[in-house]
Amino acid sequence: MKVIIIEDEKPSARRLQRMLEKLHIQAQTMLHSVEEAVSWFQDNEHPDLIFLDIQLSDGLSFEIFETVKIKSSIIFTTAYDEYALQAFKLNSIDYLLKPIDEDEMVQAINKFKTNFNPQKAVTLNFDDIKNLLVNPIEREYKKRFSVKVGQHLKLIAVDDIECVFSENKGTYLHTKDGRNYLIDFTLEQMENELPPNVFFRVNRAFYVNIYAIKDMVSYTNSRLQIKLHSFSDQEVIVARERVKDFKNWLED
């Protein structure tokens with residue numbers, strides 16, 4: 001059985017590779033971006049099975065299939081929440097929710113082995129899945145966060161947050177009045193808590209509030225520097241692979 005892993009976070013890809021090795025499955029090829037995957041599929045025989053992360057460094061993995069006609073079975077790996085996962089349930093597609101549980105992975109592989117038919121073409125409606133993921137079922141996002149200040153709890157309204165950033169393994173809210181508050185969320189978890197029309201993840205360490213942007217300046221390597229009204233602890237740079245999505249988000 002030929003297996004490949006498409007995952008932009010290399011530690012996650014190596015962890016999945018080790019989990020597969022325990023099951024005597026070798027995943028020798030690991031790809032980390034849409035561009036890299038497209039190039040590989042154009043030049044190589046397609047595998048039997050792909051472990052595919054949805055959000056890659058340069059876009060949604062579905063963009064691969066806009067260029068390449070896929071011939072492989074797929075098990076998606078995702079950090080998306082339960083609302084977006086409706087997309088997979090509706091399409092009867094296997095997925096593994098991160099962090100990947102070993103028992104669940106075994107079940108997914110056994111299901112693949114049971115249903116695998118090399119003569120049968122794989123037919124997935126990627127457009128339907130993509131639409132459900134990009135425009136998930138309506139949900140409520142957080143309106144406020146509780147933070148600890150000494151022995152007290154303080155409520156911070158989402159509207160008062162300029163940006164959310166990670167630093168020294170902690171996640172912080174920075175508010176309009178120039179203060180930072182440590183919160184009990186990872187930056188990845190914040191994706192499910194912040195309204196996406198207001199907050200955008202500009203790089204691995206920052207979410208910014210569209211209403212807190214004071215200025216945007218061209219930066220080296222086709223990136224953008226964002227200047228916020230009160231946050232000045234460090235530079236806020238839009239990663240090069242995020243610039244296009246960021247500009248589209250600004251215009252939505």
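Mentor: Buried residues make up 42% of the 252 residues in the chain. Buried means under 20% relative accessible area, exposed over 50%, and partly exposed in between (1.4 Å probe, protein chains only). This is a predicted model: local features need pLDDT of at least 70, side-chain atom pairs count only at pLDDT 80 or more, and totals for chains, interfaces and linings use all residues. Residues are numbered from 1 along each chain as its sequence is written, and side-chain values use heavy atoms, with hydrogens and water left out.

Trainee: How many helices and strands does the chain have?

Mentor: The chain has eight helices and 17 strands. Both are DSSP runs numbered from the N terminus: helices are H or I with at least four residues, strands are E with at least two.

Trainee: Let's take H8. Which residues are buried there?

Mentor: H8 covers residues 243-251, and Val 243, Phe 246 and Trp 249 are buried in it. Down the axis of H8, the buried residues fall within an arc of 120 degrees, so they line one face of the helix. The arc is that of the directions from the helix axis to the C-beta atoms.

Trainee: And what does the face turned away carry?

Mentor: That face of H8 carries Lys 244 and Glu 251, both exposed.

Trainee: What do the buried residues of H8 pack against?

Mentor: They pack against five strands: S13 (199-203), S14 (206-209), S15 (213-219), S16 (223-228) and S17 (236-238). Contact means heavy atoms within 4.5 Å. H8 lies across S15, S16 and S17, and runs at about 45 degrees to S16. Axes are lines fitted to C-alpha atoms, for helices over the stretch in contact, and angles run from 0 to 180 degrees between N-to-C directions.

Trainee: What order do the strands have in that open sheet?

Mentor: The order is S15-S16-S17, three strands with antiparallel pairing. S15 and S17 are the edge strands, each pairing on one side only. On average, neighbouring strands of this sheet are turned by 30 degrees against each other, direction ignored. Two strands pair if DSSP finds at least two bridges between them.

Trainee: How many bridges join S15 and S16?

Mentor: Six, in the antiparallel sense. Asp 215 stands opposite Lys 227 in S16.

Trainee: New topic. Why is S11 called largely enclosed?

Mentor: S11 spans residues 170-175, and five of its six residues are buried, so the rest of the structure largely encloses it.

Trainee: Which strands pair with S11?

Mentor: S10 (residues 161-167) pairs with S11 in the antiparallel sense over six bridges. Phe 165 has Tyr 172 in S11 as its bridge partner. S12 (residues 180-183) pairs with S11 over four bridges, also antiparallel. There, His 174 stands opposite Asn 180 in S12.

Trainee: What about the turns?

Mentor: The S10 and S11 hairpin has two residues between the strands, and Asn 168 in the turn has a positive phi of about 50 degrees. The hairpin of S11 and S12 has four residues between the strands, with Gly 178 at a positive phi near 85 degrees.

Trainee: Last one. Where do H1 and H5 meet?

Mentor: Leu 16, Met 19, Leu 20 and Lys 22 in H1 meet Glu 102, Met 105 and Ile 109 in H5. By class, that contact has five nonpolar, no polar and two charged residues. Ala, Val, Leu, Ile, Met, Phe, Trp, Tyr, Cys and Pro count as nonpolar, Asp, Glu, Lys and Arg as charged, and the others, Gly among them, as polar.

Trainee: At what angle do the axes of H1 and H5 cross?

Mentor: Roughly 65 degrees, and the axes of H1 (residues 10-22) and H5 (residues 102-115) come within 11 Å.
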